[in-house]
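Hi there,

Here is the structure I promised to pass on. Have a look at it first, and then read on for what turned up.

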Amino acid sequence: STSGYPDVLSEAGSDTWSGLVDLAKFEGLEGLLYCRCLEAGIEIPSHHLPQLQWSYRRVAERNCVALTKLQGLLEETSSEGLDVLVLPGASLLPLYPDEGCRPMDDIDLLVRSSQLEAVCSFLRAHGFESAQRHDGLFTGRDLTLDLHVDLVNGDRIQARAHAVRMDWESARLQSTPGMTALVLGTEDAILYTALHSLRHSFRRLTWF
């Protein structure tokens, strides 16, 4: 967040801004930097403004399209009696100022192990195709969906199989202007987000 340092950034020189923008790009926080600067009335140097502005608008557009399409998909799976839970990061978007502040490469979804085959069949029947990386990754409708049956991919990596369990009864309904979806309970969401960052060696702040 830049909200605590408006004076420092307003007086920052070219080298400081260059380092900050490069760091924001690496961490996946360009949109958040741009938005926070606007909120705090911080003037972004003219040679950095187009890059941050473009990144913010691109992420906002992609996320808005993805969430709209995801909402339709969730309504369809619900009508089929299939339980689909939206995992972080998509479920974390309400914590940000708006959809342009957090990029998403794909959308992680949790399904019941007993319904996995049914969900996969549903996706294939509705135009999604399995990606080559692994069987649970599907692309279609301008969405990339990563299906999980547990929080740490224990089905794919056996050493993690019993590391974490989620009680479906703790799931909750989250309603936002862009999406109404079943999501993790607060405690599970915090744990999952921390584990996700650990799995990626805390390499990017956007994963945390």
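Let me start with a loop: Arg141 sits between β4 (137-140) and β5 (143-148), where helices (H or I, at least four residues) and strands (E, at least two) are DSSP runs numbered from the N terminus. Phi of Arg141 is positive, near 55°, although the residue is not a glycine. Asp142 belongs to the loop between β4 and β5 as well, and its phi is positive too, near 60°, again in a residue other than glycine. Arg141 is partly exposed because its relative accessible area is 30%, while Asp142 counts as exposed at 67%. For these classes, buried means under 20% relative accessible area, exposed over 50%, and partly exposed in between (1.4 Å probe, protein chains only).

Before going further, some housekeeping. This is a predicted model, in which local features need pLDDT of at least 70 and side-chain atom pairs count only at pLDDT 80 or more, while totals for chains, interfaces and linings use all residues. Residues are numbered from 1 along each chain as its sequence is written, and side-chain values use heavy atoms, with hydrogens and water left out.

Now the overall picture. The protein has 6 helices and 7 strands, arranged along the sequence as α-α-α-α-β-β-α-β-β-β-β-β-α. Of its 208 residues, 44% count as buried.

After α4 comes Gly81, with a positive phi near 75°. Within α4 lies Asn63, which counts as buried because its relative accessibility is 2%. Beyond its neighbours within four places in sequence, Asn63 is in contact (heavy atoms within 4.5 Å) with Leu93, Glu99, Arg102 and Met104.

One more backbone detail: the peptide bond between Pro88 and Gly89 is cis, with omega about 10°. Gly89 is in the loop between β1 (84-86) and β2 (107-111).

Finally, which residues of α2 and α3 make the contact between these helices? From α2 (residues 14-27) they are Trp17, Leu20, Val21, Ala24 and Lys25, and from α3 they are Glu30, Leu33 and Cys37.

Happy to talk any of this through.

Best wishes

Technical notes
Axes fitted to C-alpha atoms, helices over the stretch in contact; angles between N-to-C directions.
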